[in-house]
Amino acid sequence: MRKITPFLWFDNQAEEAANFYVSLFKNSKIHTVSRYPEGAPAPAGSAMVVDFELEGQRIQILNGGPHFKLSEAFSFSVICEDQTEIDRLWDTMIKDGGEESQCGWLRDKFGVSWQIVPRKLLELQSQKDGKKAAATTQAVLKMRKLDIAELERASAAA
C-alpha cells in the first residue's frame, strides 16, 4: 500500500461508486471491501471502506454517513489522449445525475469532482509564444467540456 492515498467520505454509496469508477478506466480494480459488523453505526454487511485502484492510483472511500459532503475543493484530474476519450468519460460521468461545470470540470452522480483534460491542452498552454498560450486559456474559460479542435484553433489564430 502507498504511504499517501486519497480517502473520500461518502454517505452510503462507496461500493457503487468504486465499481462505477473501475468500469471507466482500463487499468483499474477493486482491492478490498471491508464491511460493517453487527452493532456498527451502519447496516451489518454494508461496505465500510472500499480500497480500489484507477490507472495505478490507489483510492479509498468510506461509507461514513451524511455528516460530511464532497466539494469541488478536491477533484481528480484525468489527462486524456484524444477527444474520443474526453467524450466517453464526460458523457458517462454526467449521466444519471452528474453535472457539467466550466473549464473541463464536472461533478459525477456521487458528488465527486473531476477535471477531464486533454494532454494537448497542457502542450498548448505551455507554449513559448505567450499570445498563443493566453488564447488557449481564454478558449478554455468559455467551455464546459473541453474541445481539442477548438483549443487548437484558438491557439493557431493568436
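Analyst: E55 is partly exposed, because its relative accessible area of 42% falls between the 20% and 50% cut-offs. Please keep in mind that this is a predicted model.

C103 is found in the loop between β6 (99-100) and β7, and with 22% relative accessibility it counts as partly exposed. G111 is buried, with a relative accessible area of 14%. From G111 to G39 there are 72 residues in sequence and 28 Å in space, C-alpha to C-alpha.

On helix α1 (residues 14-24), the buried residues are A14, A17, A18, F20, Y21, V22 and L24. Two of these, F20 and Y21, belong to one aromatic cluster together with F10, F25, F52, F74, F76, F110 and W114. F20 has a charged neighbour too: the charged end of K109 sits over its ring, 4.7 Å from the centre.

Counting two rings as a pair when their centres lie within 6.5 Å, the model has ten aromatic pairs. One of them is W9 with F68, whose ring centres are 4.8 Å apart and whose planes meet at 85°, so this pair is edge-to-face. W9 belongs to strand β1 (residues 7-10), while F68 is in the loop between β4 (57-63) and β5 (75-80), so the pair ties together parts that are 59 residues apart in sequence. W9 is partly exposed at 28% relative accessible area, whereas F68 counts as exposed at 52%. Another edge-to-face pair is F74 with F76, at 5.1 Å centre to centre and 85° between the planes. Here F74 is partly exposed, with a relative accessible area of 36%, and F76 is buried at 12%.

Stepping back, the protein has five helices and eight strands, running from the N terminus as β-α-β-β-β-β-α-β-β-β-α-α-α. Of its 158 residues, 39% count as buried. Among the contacts with a separation of 6 or more, 60% come from residues 24 or more positions apart. The C-alpha trace spans about 65 × 30 × 25 Å along its principal axes. Its accessible surface is about 8900 Å², with 52% of that belonging to carbon and sulfur atoms. As for charge, there are 20 positive and 22 negative side chains, and the centres of the two sets lie 5 Å apart.

Definitions and conventions
Residues are numbered from 1 along each chain as its sequence is written. This is a predicted model: local features need pLDDT of at least 70, side-chain atom pairs count only at pLDDT 80 or more; totals for chains, interfaces and linings use all residues. Side-chain values use heavy atoms; hydrogens and water are left out. Rings of Phe, Tyr and Trp (its six-membered ring) pair if their centres lie within 6.5 Å; planes under 30 degrees apart count as stacked, over 60 as edge-to-face and the rest as tilted. Helices (H or I, at least four residues) and strands (E, at least two) are DSSP runs, numbered from the N terminus. Buried means under 20% relative accessible area, exposed over 50%, partly exposed in between (1.4 Å probe, protein chains only). A charge sits over a ring if NZ of Lys or CZ of Arg is within 6 Å of the ring centre and within 35 degrees of the ring normal. Contact means heavy atoms within 4.5 Å. Accessible areas come from the Shrake-Rupley method with a 1.4 Å probe; for residues, only the protein chains shown count as cover. Lys and Arg count as positive and Asp and Glu as negative; His and the chain ends are not counted. The place of a charge is taken as NZ of Lys, CZ of Arg, CG of Asp or CD of Glu.
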